[in-house]
Amino acid sequence: MKPIRVALLGCGTVGTEVVRLLDEQAGDLAARVGAPVELAGIAVRRPDRHRDVPRHLLTADAAGLVASDVDVVVEVIGGIEPVRTLLLDALRAGKSVVSANKALLAESGGELFAAADESGADLYFEAAVAGAIPLLRPLRESLAGDRITRVMGIVNGTTNYILSAMDETGANYGETLEEASRLGYAEADPTADVDGYDAASKAAILASIAFHTRVTAGDVHREGISAVTSADIVAARTLGRTIKLLAICERVDDSVAVRVHPAMIPRSHPLAGVGGAFNAVFVEAEAAGQLMFYGQGAGGSPTASAVLGDLVAVARNKVHGGRGPRESAYAALEIRPIGQVETRYHLSLDVADKAGVLASVAAVFAEHDVSIAAVRQEGRTDDASLVIVTHAAPDAALRSTVDKVAGLPAVREVVSVMRVEGEES
């Protein structure tokens, strides 16, 4: 049987594990695919630095490797260019692609799928979202006969580790980020994680698949976790809630709303118990009801597991003549701006302790047609604070309310503003 020849682009943490698994599981993979799976070459920037992989496979010429006699290109480099060009070249040449590149797929997924359609090649990317968790394939295939209404999840391990640690220890954000870096849970430059860029790319991919609509990272409303304080964590606990950075994708009438932001959720919610660097995604569908996918969302071995799963699928298609799922964007739903999305808020206000403060604040909420669900005053005199939880209202109305409340003479400071998800309490 002619072997399936594989080009590997990148050999970092994930790529090294892919090489190991291809070697250790060669016999099993051949049996599952129906032909041997052969690693034809590995493209890296500095071949001399990769002493733990066979030197004869290493090359710095990624374009040359892609253009060579290979059947499948596996990409674990990351970034946009030159990867975008390399993968387009591969797909246009009829070579199937397996990628873990969420940023590229969230930005140029439509273009990549178009190239795959023109040549009849496959494009698989399970590893791009939630690491080892089988998530994209169930959304694309297992739930293809259902109507998904909502996808909400924890899709970034770094931020989940930080928020979980803050909740458990009471430490502030800065201290916890420093500890996460020391333990290897945060990158040297954690911006993509803590500012929500990583989660936004994943949310775009999830929404595109769930709602059969092309969604890019630029369509996702994004907020990070750097403004979350230990006081916010305490406030959430007082309400029987915890704070998580959530990726939320919703179908609202004939539109799609996609957002990433920290939010308070009930401690009884399945996502509340997801700690450390783990990921979990909660899916709601009309017929299937509520489903939850949980597991390791990052790391060399878990991500390599997802890559190998895709590689087996595309290799089988090469051997037996099948084709994987194509892009499904037939619905072409409108993207709903964040201002029109209904959410609830938890506000903490530093106020003067005098008569009429609550009335003046409540009047602003009434003026913007935002209903107050609960209110309480904490402390007295200079330590007085007002805590307000709203009912659901358009985000724009809530933002306008907060802005006007901040200008009231009796309000010294808007201490924190946090969205609230889950059942009202």
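Ala332 is found in the loop that links helix H12 to strand E13 (334-335). In this predicted model, Ala332 has a positive phi of about 45 degrees, although it is not a glycine. With a relative accessibility of 57%, Ala332 counts as exposed.

**Backbone features in loops**

- Most residues other than glycine have a negative phi, and most peptide bonds are trans.
- Asp253 is located in the loop between strand E9 (241-252) and strand E10 (255-266).
- Is Asp253 buried or exposed? The relative accessible area of Asp253 is 60%, and the residue is therefore classed as exposed.
- The peptide bond between Glu81 and Pro82 is cis, with an omega of about 10 degrees.
- Pro82 belongs to the loop between strand E4 and helix H4 (83-92).

**The open sheet**

- Strands of a sheet pair through backbone hydrogen bonds, either parallel or antiparallel.
- Here, six strands make up an open sheet with parallel pairing, and their order is E3-E2-E1-E4-E5-E6.
- Strand E1 (residues 4-9) runs parallel to strand E4 (residues 72-75), and four bridges join the two. Within this pairing, Val6 has Val72 of E4 as its bridge partner.
- E1 is also paired with E2 in the parallel sense, over six bridges. In that pairing, the bridge partner of Ala7 is Gly41 in E2.
- E2 and E3 run parallel and are joined by two bridges. Ala43 has Thr59 of E3 as its bridge partner.
- Strand E2 (residues 37-43) is mostly covered, as five of its seven residues are buried.

**Helix H1 against helix H12**

- Helix H1 (residues 13-24) and helix H12 (residues 300-320) have axes that come within 8 Å and cross at roughly 55 degrees. This angle makes H1 oblique to H12.
- The crossing of H1 past H12 is right-handed.
- On the H1 side, the contact is formed by Thr13, Val14, Glu17, Val18, Arg20, Leu21 and Leu22. These residues meet Gly300, Ser301, Thr303, Ala304, Ser305, Val307, Leu308 and Leu311 in H12.
- Sorted by class, the contact of H1 with H12 contains eight nonpolar, five polar and two charged residues.

**Helix H2 against helix H12**

- Helix H2 (residues 26-33) packs with H12 at an angle of about 45 degrees, and their axes are 9 Å apart. H2 is accordingly oblique to H12.
- Leu29, Arg32 and Val33 in H2 meet a set of residues in H12, namely Leu308, Val312, Ala315, Arg316, Val319 and His320.
- The contact of H2 with H12 comprises six nonpolar residues, one polar residue and two charged residues.
- Leu308 of H12 is listed among the residues that meet H1, and Leu308 is also among those that meet H2.

Key: Residues are numbered from 1 along each chain as its sequence is written. This is a predicted model: local features need pLDDT of at least 70, side-chain atom pairs count only at pLDDT 80 or more; totals for chains, interfaces and linings use all residues. Side-chain values use heavy atoms; hydrogens and water are left out. Two strands pair if DSSP finds at least two bridges between them. Axes are lines fitted to C-alpha atoms, for helices over the stretch in contact, and angles run from 0 to 180 degrees between N-to-C directions. Angles under 35 degrees count as roughly parallel, over 145 as roughly antiparallel, 65 to 115 as roughly perpendicular and the rest as oblique. A crossing is left-handed if the near helix is turned anticlockwise from the far one by less than a right angle, and right-handed if clockwise. Contact means heavy atoms within 4.5 Å. Ala, Val, Leu, Ile, Met, Phe, Trp, Tyr, Cys and Pro count as nonpolar, Asp, Glu, Lys and Arg as charged, and the others, Gly among them, as polar. Buried means under 20% relative accessible area, exposed over 50%, partly exposed in between (1.4 Å probe, protein chains only).
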